[in-house]
Amino acid sequence: MTSLHSAEKNLSHRVADTFAEGGLLSRLANSFHVRDGQVEMAMAVSDQIEKGGALVVEAGTGVGKTYAYLVPSLLCGERILISTATKALQDQLFKRDIPTLVNALGLPIRLALLKGRSNYLCTHRLRQSQTQALNLDRWVRMDMVKIQIWAQQTLTGDLSEVDGLNEQSKAIEWVTSTRDNCLGSICPDFRTCHVVEARRKALSSDVVVINHHLFFADIAVRESGVAEFLPASRVVVFDEAHQLNETGVAFLGKSLSNAQLMDLRRDTLVAGLQMARGMADWNGLCIALEKSARDWRLAMPKQVPGGRLGWEDSAPEGCHPEVWQQVMSDVAVALSNLATALDSVSEIAPDFLRLNERTHQLGQRVAQFFQPAADSSVRWLEINGQVKCVESPLDIAEVIQSKLMTPLEAQNEAQVSKTWIFTSATLGDEPTLKWFTQPVGLADARILRVESPFDYPAQSLLHVPSDFPKPLDPRHSMEVAFLAATGARLLGGRTLILTTSLRAMTVIGEQLIKAFTDDPSIDVLIQGQWPKRRLMERFRQGDREGLPGCVMVASASFWEGFDVPGESLQLLIIDKLPFPAPSDPLVKARSKNLESNGGNAFNDHALPEAIVTLKQGAGRLIRNEADRGGVLIADTRMRSASYGERIFSALPNMRRIDQTDLFWNELSKITRVSTKVS
Ligand code: SF4
């Protein structure tokens, strides 16, 4: 312990030296310059590492928060777990940021990247699929061949190594495992399993980079080895922490879907016909299971607004209770018959043991959904091609407190306790950041807000038109398209429109296509027309190399994580304030819960949700000191509603312009002086 304490006494000094003018970071890169906010955050992280406990940092765009938490975490010389919301940031940390710093700091650190099991080849399922005459289409068969060739020489089993394999390829589900179908330690391929090897490597590393999905999958079912790594980690960092609550809620609930039943049918048929042919009527049993899953789907409405049906009584809203009882009972009977057959062949191969367990688990899940929902949880039926029963907690506060924080207090007092860092560019709209801390159970955490170093009044404009159709007016999307076309003509493209619904995106996209049909200088891009990565690359490329400029319209998945530094984005249009849908069962349950505890559902939930999403969306525009441009929010409620000023004050301090003509003039002026980014 003496050496630990002496090392920690020096930590703040070493961090300060690393960030100082002429320090290691400025020697590392000529472009590095000291940013007060970054140093402030780095020193707060060092201090927290010395003391232990939880620190929540909202660090505005451009602060350099990644290095601000990495430098002290790496210098402290202890085991670190870092979790991100997206694979993109996970890859960036693992491939670029951490190796760069580790080399510069000269630290002998073993680093591992751990992904979810669906990213790794399952050798057992690959072998099974090779012995089957699977009824696959030509493209899937071609992908299977690629995977088989690569499988012979891969060391990691990470499918991202397979050249030209699309992430959406149907072949992937045949060669990867799920928690449901993995045989675990009874698997004949366990010794050479890539999933097991990736976890083993993570467990013997000093720094492990994971994502929030994996973290919560593990908290929920101790699935991936993170639960073993966690107790030994002295510092745990959650980057992109604003997504923590929603990711946690999605993993900590219970669910039952007709897709799970269909997967069980598929795996049973493959195993039954391959290893126990004639020992049960596998075809008949699987047809009965498939029929019950299809009947369940057919008895439900085809589509529902928002894709979710509330479920407060014995059946989901809009489903006749007797019909619901019948379809679910049929599923239960089909599962029970299958379980009997699997029981009789369990000794033949481990595959049947696991299939039998899966069948029993699904049967239990059906029984649970016949019972009333647990207290402080909410239940709904999800309909989006598939049907899925979901029961979820309202937030993750209880789990974070009971499974993560409480054990810390129980630690030996002589030990320095674990440090938890939660950070993101957007964690709320008021000083206590309670939008983030309350649902995550961090009411006692230390809070730090670090302002962006950008000169927003000089770099950016903000305009909300006053004479404009109201959000529910049927002309609204057409008028947004008109504004976007005006802006794109002015700037030669360089325009992004973020919408709050797919419907608005379609209308705006169609209008833009009409507007630029005869104009070869502008490309209209619409989310969904190509894979997301290709769309993002094309938009970032902009009008360079003689290409047409771009105007792009996109919805939810582009509101965050889409970086366009430089001149390819100079006008960002947001069609409406992104309030959560009040009819959504989870939103409704949270609102009800808040009101019953004396809160106000609109001010304490809907409004902060909208503000955080809006800040994320508006944050796409200015990504570095050289960027210039304007944000236009086409929602008159910003100017007319009593809550409008709260929203304005939560946004970066952009220069506000109230007249539309003046906005176009000023936009034209500031974008003409924009500086190229090196
Ligand atoms: S242990 Fe699971 S993931 Fe590994 S090879 Fe066996 S079935 Fe596949």
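A crossing is left-handed if the near helix is turned anticlockwise from the far one by less than a right angle, and right-handed if clockwise. The views below come from a predicted model.

**View 1. Helix H13 passes helix H15 in a left-handed crossing.** H13 covers residues 258–275, and H15 covers residues 321–345. Their axes come within 12 Å and cross at roughly 25°. Angles under 35 degrees count as roughly parallel, so H13 is roughly parallel to H15. On the H13 side, the contact residues are Leu261, Leu264 and Thr268. They meet Val331, Leu335, Leu338 and Leu342 of H15. By class, this contact has six nonpolar residues, one polar and no charged.

**View 2. Helices H20 and H21 form a right-handed crossing.** H20 spans residues 476–491, and H21 spans residues 502–516. The axes come within 9 Å, with a crossing angle of roughly 45°. That angle makes H20 oblique to H21. H20 brings Ser477, Met478, Val480, Ala481, Ala484, Ala485, Ala488 and Arg489 to the contact. H21 brings Ala504, Val507, Ile508, Gln511, Leu512, Ala515 and Phe516. The contact of H20 with H21 counts twelve nonpolar, two polar and one charged residues.

**View 3. The largest cavity holds about 40 Å³ of space.** The model has two cavities of 30 Å³ or more. Lining the largest cavity are Thr61, Tyr456, Ala618, Gly619, Leu621, Ile622, Pro652 and Met654. Six of these lining residues are nonpolar, two are polar and none is charged.

Technical notes. Residues numbered from 1 in each chain as written. Predicted model: local features only at pLDDT ≥ 70, side-chain atom pairs only at ≥ 80, totals over all residues. Heavy atoms only, no water. Axes fitted to C-alpha atoms, helices over the stretch in contact; angles between N-to-C directions. Helix = DSSP H or I, 4+ residues; strand = E, 2+ residues; numbered from the N terminus. Parallel < 35°, antiparallel > 145°, perpendicular 65-115°, else oblique. Contact = heavy atoms within 4.5 Å. Nonpolar A, V, L, I, M, F, W, Y, C, P; charged D, E, K, R; others polar. 1 Å grid on protein atoms, 1.4 Å probe; cavity = no way out; pocket = protein on both sides within 12 Å on 5 of 7 lines; lining within 4 Å. Points joined across faces, edges and corners; volume = space filled by probe spheres on them.
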